[in-house]
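Thanks for coming. I will go through one structure, starting with how its chains meet and then moving to individual residues.

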Amino acid sequence: MTRVYVPRDSGAKSMGADAVAARIAAEARRLGASVELVRNGSRGLYWLEPMVEVETPAGRMAYGPIATDDVASLFAAKFLVGGSHAKALGLTEEIDYLKRQERLTCARVGVIDPVSLDAYETYGGYRGLRRALELDGAGIVEIVTQSGLRGRGGAAFPTGIKWKTVLGATGTQKYIVCNADEGDSGTFSDRMIMEGDPFVLIEGMTIAGIAVGATKGYIYLRSEYPDAFVVLNEAIAVAVGRGYLGANVLGSGKAFDLDVRLGAGAYICGEETALLESLEGKRGIVRYKPPLPAISGLFGKPTVINNVISLASVPIILDRGADFYKNYGMGRSRGTLPIQLAGNLKHGGLVEKAFGVTLRELLYDYGGGSITGRPIRAVQVGGPLGAYLPESQFDTPLDYEAFIALNAMVGHGGIVAFDDTVDMAKMARYAMEFCAIESCGKCTPCRIGSTRGVEVVDRIVADEDRMANIALLRDLCDTMLGGSLCALGGMAPYPVLSALNHFPEDFGLPAVSLAAAGAP
Amino acid sequence: MTAVVTWEPVVQSVLDRLKTLPGALLPILHGIQDELGFVPPDAVPVIAHAMNLTRAEVHGVVTFYHEFRETPPGRHQIHICRAESCQAVGADALIAHAEKTLGVTFHQTTADGMITLEPIYCLGNCALSPAITVDHQVRGRVTPARFDALVAELEPGR
């Protein structure tokens with residue numbers, strides 16, 4: 001029996017993985033070959049998807065990208081024993097892109113069958129929860145605090161401090177809510193975890209529940225991720241069946257239940273208070289803070305609300321200890337970040353690295369430069385509310401504070417590259433347009449400002465009283481930055497202003513000198 | 001798509017199944033749309049009554065979320081990602097191509113009722129941009145030629 005892996009990850013499926021898996025099964029039957037087909041997550045080398053792996057005595061051998069028409073030739077080339085083929089990539093673990101990563105949070109993604117609890121435990125799963133069950137709540141919170149873990153959704157708030165507030169809050173019911181509304185363009189690490197290693201998220205949420213005394217958890221999942229919905233529910237059913245979730249978690253006497261709820265295509269529901277409103281069955285309108293969700297969150301109860309990656313990083317921190325995790329990274333950005341390379345890059349995918357890796361390394365050493373072969377002119381980091389960075393800033397290390405110093409943000413770690421054909425005035429206009437489409441409407445700077453922003457950019461591009469309208473755009477951005485209730489209106493000016501400051505020639509202004517472009 | 005499904009029994013059965021969930025309204029609207037393809041405006045008072053909400057509250061939720069529809073979609077739905085990563089590799093040209101070949105703009109359905117075209121803002125397939133969904137299945141690296149091939153597969157021989 002030879003084990004063959006074909007991902008069930010939605011990115012791999014978007015390139016035909018299901019058909020490849022079916023063809024391999026059919027061909028094996030036809031040839032009488034004994035094959036066990038495993039549908040794993042993706043390794044995150046998306047330009048090679050669908051990437052097929054075969055387990056051999058030497059290790060797992062990779063082939064990709066595989067089309068259905070390649071399958072017959074794979075069998076002919078004896079790929080079941082690692083035979084050579086035009087699409088052979090060698091040992092998976094030796095592929096440079098993968099080998100140079102530091103995969104902690106995403107260690108099992110693409111390696112195991114995502115809904116096999118046995119495989120999860122074989123690869124170190126549920127050690128963190130077992131460790132947590134030996135500690136009291138304050139002891140768990142202390143380890144998470146000491147690890148230096150900061151919210152990976154983008155706000156970078158220390159996770160341990162958030163948990164401590166909920167632990168100290170009084171309430172008959174507390175909740176753990178996972179923010180899986182991964183709406184930023186250029187990001188997909190939450191999706192990869194949920195589709196490729198859902199138990200690590202379930203384990204992280206269970207640890208959070210045990211730590212703060214919450215017995216109920218919700219994963220608020222964006223509806224654009226239907227495959228993740230299926231995998232999460234399969235995994236939750238397995239965990240319940242085996243006593244890892246439910247009224248008596250691993251015989252500890254502690255209860256923790258988990259449900260998955262779907263959003264409905266509203267970007268604003270990635271904002272934590274809008275998400276809570278949505279979970280309560282309402283419009284996703286942002287709440288005033290205070291009170292913090294940690295004090296008065298879901299249904300008015302103390303609530304831990306964390307991003308997928310934050311929660312999925314907890315099991316390894318409990319298992320290996322705070323120091324192990326903290327020893328990765330730089331400055332106040334500790335640990336690793338699953339970085340997502342997207343847009344116009346030859347080798348788009350998932351790169352989990354310790355903080356400190358530079359944009360240039362990511363774009364060229366990993367990303368391989370642009371897919372079009374043209375120079376990379378701008379990159380947007382941190383989603384649609386993140387700044388555009390010019391080439392002069394590509395040596396910036398991925399570090400929360402280094403990005404803040406440039407009026408930029410690391411956010412959820414998505415990097416979208418554009419080549420020199422990009423029109424940055426058009427991107428600035430889009431940032432305002434997107435804000436207008438997705439605004440919840442509660443505060444005026446965001447609701448009205450975004451629409452006015454689109455109009456002002458249009459007038460600048462059309463050269464209607466250009467200098468006056470540029471002054472107006474800056475003034476409008478200032479109002480949105482200072483006067484919006486949440487990050488949507490409050491940060492939409494970042495892509496707009498960075499486009500204007502670094503690429504003024506696209507707005508009909510004289511180009512800046514390189515020295516000036518390097519300034520924040 | 002010949003039989004006209006009456007919405008009342010569908011809505012009632014979804015309500016019976018889900019209305020006691022905490023924060024049940026989104027699961028209920030999803031349940032209805034999964035079966036009917038949209039949330040009939042006439043169902044709003046029924047949902048409101050069952051949930052002890054005002055009609056305005058239910059209408060507000062239906063219309064707040066981009067995904068909920070108040071009209072039936074075509075037999076197939078295509079969503080094209082408009083977000084930055086897809087723009088970086090030709091989403092705008094793909095959208096122009098789709099609108100031209102289908103003869104519709106976003107939020108419209110082709111005259112023969114076959115395809116509804118919608119924008120979407122990120123499918124999490126950004127390493128394989130441009131991305132679209134065809135009947136909610138994600139497809140990556142969609143060139144205009146691949147788009148035409150995917151459309152041709154929808155109703156072969158029709």
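First, a term. By polar contact I mean a pair of N or O atoms within 3.5 Å; within protein, one must be able to donate a hydrogen and the other to accept it, and residues adjacent in sequence count only if both atoms are side-chain atoms. On that rule, chain A and chain B share 23 residue pairs in polar contact, both residues at pLDDT 80 or more.

Some housekeeping. This is a predicted model, where local features need pLDDT of at least 70 and side-chain atom pairs count only at pLDDT 80 or more, while totals for chains, interfaces and linings use all residues. Residues are numbered from 1 along each chain as its sequence is written, chains are lettered from A and ligands numbered from 1 in the order in which they are written, and side-chain values use heavy atoms, with hydrogens and water left out.

In total, 58 residues from chain A and 37 residues from chain B take part in the contact, contact meaning heavy atoms within 4.5 Å. The area buried between the two chains is about 3,600 Å², and carbon and sulfur atoms give 57% of that. That area is the accessible area (1.4 Å probe) that two parts lose on being put together, summed over both.

How many salt bridges cross the interface of chain A and chain B? The rule finds two, taking a side-chain nitrogen of Lys or Arg within 4 Å of a carboxyl oxygen of Asp or Glu. A:Glu433 and B:Arg82 form a salt bridge at 3.0 Å, N to O.

Next, the rings. Over all chains there are 18 aromatic pairs. Rings of Phe, Tyr and Trp (its six-membered ring) pair if their centres lie within 6.5 Å, with planes under 30 degrees apart called stacked, over 60 edge-to-face and the rest tilted. A:Tyr267 and A:Phe434 make an edge-to-face pair, 4.9 Å centre to centre with 70 degrees between the planes. That pair links distant parts of the chain, 167 residues apart: A:Tyr267 is in the loop between E8 and H12 of chain A, and A:Phe434 is in helix H17 of chain A. Both A:Tyr267 and A:Phe434 are buried, where buried means under 20% relative accessible area, exposed over 50% and partly exposed in between (1.4 Å probe, protein chains only).

A:Phe434 also pairs with B:Tyr121, this time tilted, at 5.6 Å centre to centre and 55 degrees between the planes. This one crosses between chains, and B:Tyr121 sits in the loop between strand E3 (115-120) and strand E4 (132-134) of chain B. A:Phe434 counts as buried because its relative accessibility is 4%, and B:Tyr121 counts as buried because its value is 13%. Elsewhere, ring pairs link A:Tyr120, A:Tyr126, A:Phe199 and A:Tyr244 into a cluster.

Now A:Glu280, in the loop between H12 and strand E9 (303-307) of chain A. Beyond neighbours within four places in sequence, A:Glu280 is in contact with residues including A:Phe299 and B:Gly23.

Last, chain B. It has seven helices and five strands, and 56% of its 158 residues count as buried. Its C-alpha atoms fill a box of roughly 50 × 35 × 20 Å along the principal axes.

Conventions. Helix = DSSP H or I, 4+ residues; strand = E, 2+ residues; numbered from the N terminus.
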